[in-house]
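Please open the model in your viewer and keep the selection tool at hand. The stops below say what to select next and what is there.

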Amino acid sequence: MEAISRMRARLCALCVVALLATPSCTAPVGETTLYADLGGEAGITRFVTEVLAISVADPRIAKDFDNINLVWLRDHIVRQFCELTGGPCRYTGRGMYASHKGLHLATSNFNFFVEDLQIAMDHEGVPFPTQNRLLKILAPMYHDIVTR
Amino acid sequence: MGLRTVTATAIRWRAAGLAVIVAAITTAAQAQAPAPTPPPTPPPAAAPAPSVDLFDSGKLLATSGVSQIEGAAGGGLTPWALITGYETRDAIGANAHYTFVHTGSYTLHSTGASIGLFDRVELSYAREIFDTRKVGGKLGLGNGFTFNEDVFGAKLRVAGDAVYDQDTLMPQTAVGLQYKRNDQSAVIHAIGGKSAEGVDFYGTATKLFLEQSVLLNATVRATRANQLGILGFGGDRNSGYSAEFEGSAAYLLSRKTAIGFEYRAKPNNLSFAAENRWLDVFIAYFPTRNVSLTLAAVDLGDIAGQRRQRGVYLSVQAGF
């Protein structure tokens with residue numbers, strides 16, 4: 001299991017490099033999607049990378065990321081956000097309940113991460129109304145993610 | 001090594017501090033990935049100790065609302081279904097507030113405190129001091145005559161979640177009551193009021209529409225109160241309860257700032273002076289979870305014979 005995730009991480013790292021090297025490979029989609037408003041895969045990758053950096057340095061929730069491969073996590077979140085916002089990606093990871101239940105997260109853990117995500121999107125220049133359109137999609141995940 | 005260098009240079013980070021952290025994450029994760037041995041860190045944090053912080057201040061910024069004029073969590077004039085304090089369902093929160101309202105003829109001070117229990121129950125107290133300034137003299141009560149009222153409030157959150165339930169139209173709902181006791185019984189009876197104390201009962205629904213960055217609230221209050229109860233309860237025109245609508249709409253400008261307006265219908269129980277609906281336009285600023293500031297322009301209509309009481313509303317709230 002660990003070996004697989006490590007392999008995945010390696011592959012993901014390669015994917016990220018490939019994507020960053022050729023940003024134009026991101027398929028252009030209709031101007032109206034939230035995906036486009038977030039800056040496509042490159043834009044999403046920027047603020048997801050940043051929120052993980054903020055969160056692992058946030059004493060309130062840093063522990064929640066112990067023993068987690070952050071590159072692997074970043075790649076999963078990016079693909080999930082991409083799919084949820086109308087982008088050309090397919091999220092193939094586990095569901096939110098299955099992937100979080102072992103963490104025994106409380107409401108405050110969830111909210112502190114949301115706050116870090118807002119700060120990351122602020123830093124990356126995502127307009128506040130656009131941030132809220134993403135949060136609207138993510139908010140109902142609360143019921144699956146928070147199990148404590 | 002080459003891989004790492006490419007990654008590090010390809011990504012452009014705006015904040016230098018973050019760049020260091022991110023680079024560390026990326027390098028560490030990649031360096032760790034090919035190693036066939038298990039992760040070097042033994043599991044001190046592996047057992048997720050459910051150490052719940054009783055004062056977690058874990059709600060999202062601004063989602064505790066502000067303290068309304070009678071002490072409940074809400075907007076400025078009307079209670080909302082949100083529970084005071086920044087506690088989540090696992091914890092306890094609290095707030096203290098001071099509110100100053102200054103119109104053409106009157107000044108109202110409201111000072112109070114509230115406790116939120118597990119984001120479910122809210123208990124509040126507010127002391128309202130209504131200064132009649134020169135009007136007191138005209139009415140034969142003396143300049144600067146004050147009506148003082150204690151308001152004890154309780155609110156129970158019933159169902160729904162204003163923030164998380166973005167996939168349904170279901171709002172967060174709550175029911176509450178406010179027991180009010182005024183210290184000017186003799187004056188109240190002299191102007192036609194029936195009682196110096198009374199209880200308001202209300203039901204309230206609050207919903208955040210994240211897609212539009214809009215928060216809406218609707219409250220229905222059963223009340224006998226004249227001007228919040230400052231002029232007593234019940235009157236010669238109508239001594240019983242009436243159901244009054246109160247509404248708020250807010251637009252979120254940022255994580256920390258909201259603007260909006262409120263409407264509060266009121267009874268008209270006393271024949272000696274008409275009572276009107278209240279209105280305000282507000283801006284609320286939440287720099288941190290520990291403090292908020294609200295500034296509003298209010299139109300309180302006619303009060304005790306003084307026409308068009310318009311003015312300023314300032315409120316500061318502190319808590320966790």
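Begin in chain B by selecting strand 12 (residues 278–288) and strand 13 (residues 291–299), which pair in the antiparallel sense over eight bridges. Strands and helices here are DSSP runs numbered from the N terminus, a strand having at least two residues (E) and a helice run at least four (H or I), and two strands count as paired if DSSP finds at least two bridges between them. Within this pair, pick D280(B), whose bridge partner in strand 13 of chain B is V298(B).

Before going further, note that this is a predicted model, in which local features need pLDDT of at least 70 and side-chain atom pairs count only at pLDDT 80 or more, while totals for chains, interfaces and linings use all residues. Residues are numbered from 1 along each chain as its sequence is written, and chains are lettered from A and ligands numbered from 1 in the order in which they are written.

**The barrel of chain B**

Now widen the selection to the barrel of chain B, where 12 strands close in the order 3-4-5-6-7-8-9-10-11-12-13-14 with antiparallel pairing. Neighbouring strands of this sheet are turned by 20° against each other on average, direction ignored, where the axes are lines fitted to C-alpha atoms, for helices over the stretch in contact, and angles run from 0 to 180 degrees between N-to-C directions. The secondary structure of chain B as a whole comes to four helices and 14 strands.

Select strand 7 of chain B next, residues 172–182, and look at how its side chains alternate. A residue is called buried if 20 or more other C-beta atoms lie within 10 Å of its own, exposed if 12 or fewer, and partly exposed in between, with C-beta atoms placed from the backbone.

Which strands pair with strand 7 of chain B? Strand 6 of chain B (residues 146–159) pairs with strand 7 in the antiparallel sense over 10 bridges, and D150(B) stands opposite R181(B) of strand 7. Strand 8 of chain B (residues 197–209) also pairs with strand 7 in the antiparallel sense over 10 bridges, with Y179(B) standing opposite V199(B) of strand 8.

**Chain A and its helices**

Turn to chain A, which has eight helices and zero strands. Of its 148 residues, 41% count as buried, and for chain B, with 320 residues, the buried share is 44%.

Colour chain A by pLDDT, the predictor's confidence in each residue from 0 to 100. Its mean is 86, and 79% of the residues of chain A reach 70 or more. Over residues 7–30 of chain A, however, pLDDT stays under 50. Where pLDDT is low, the predicted coordinates should not be read in detail.

Select helix 3 of chain A (residues 40–56), whose 17 residues should span 24 Å at 1.5 Å a residue, and whose end C-alpha atoms are 25 Å apart, which agrees; the expected span is 1.5 Å times one less than the number of residues. This helix 3 is mostly covered, with 16 of its 17 residues buried.

Leaving aside neighbours within four places in sequence, F47(A) is in contact (C-beta atoms, placed from the backbone, within 7 Å) with A120(A), M121(A), E124(A) and V126(A).

Then select helix 6 of chain A (107–123), which is largely enclosed by the rest of the structure because 13 of its 17 residues are buried. F113(A) has its place in this helix 6, is buried with 22 other C-beta atoms within 10 Å, and is in contact with S55(A) and I61(A), neighbours within four places in sequence left aside. Following helix 6 of chain A comes G125(A), whose phi is positive, near 75°.

Of its 75 residues, I44(A), F47(A), V48(A) and V51(A) touch the most other members. The elements that give two or more residues to this core are helix 3, helix 4 (70–84), helix 6 and helix 7 (128–138) of chain A, together with strand 8, strand 10 (242–252), strand 12 and strand 13 of chain B. Helix 3 of chain A gives the most to this core, with eight residues.

Definitions and conventions. Contact = placed C-beta atoms within 7 Å. Core = buried A, V, L, I, M, F, W, Y, C linked by C-beta atoms within 7 Å.
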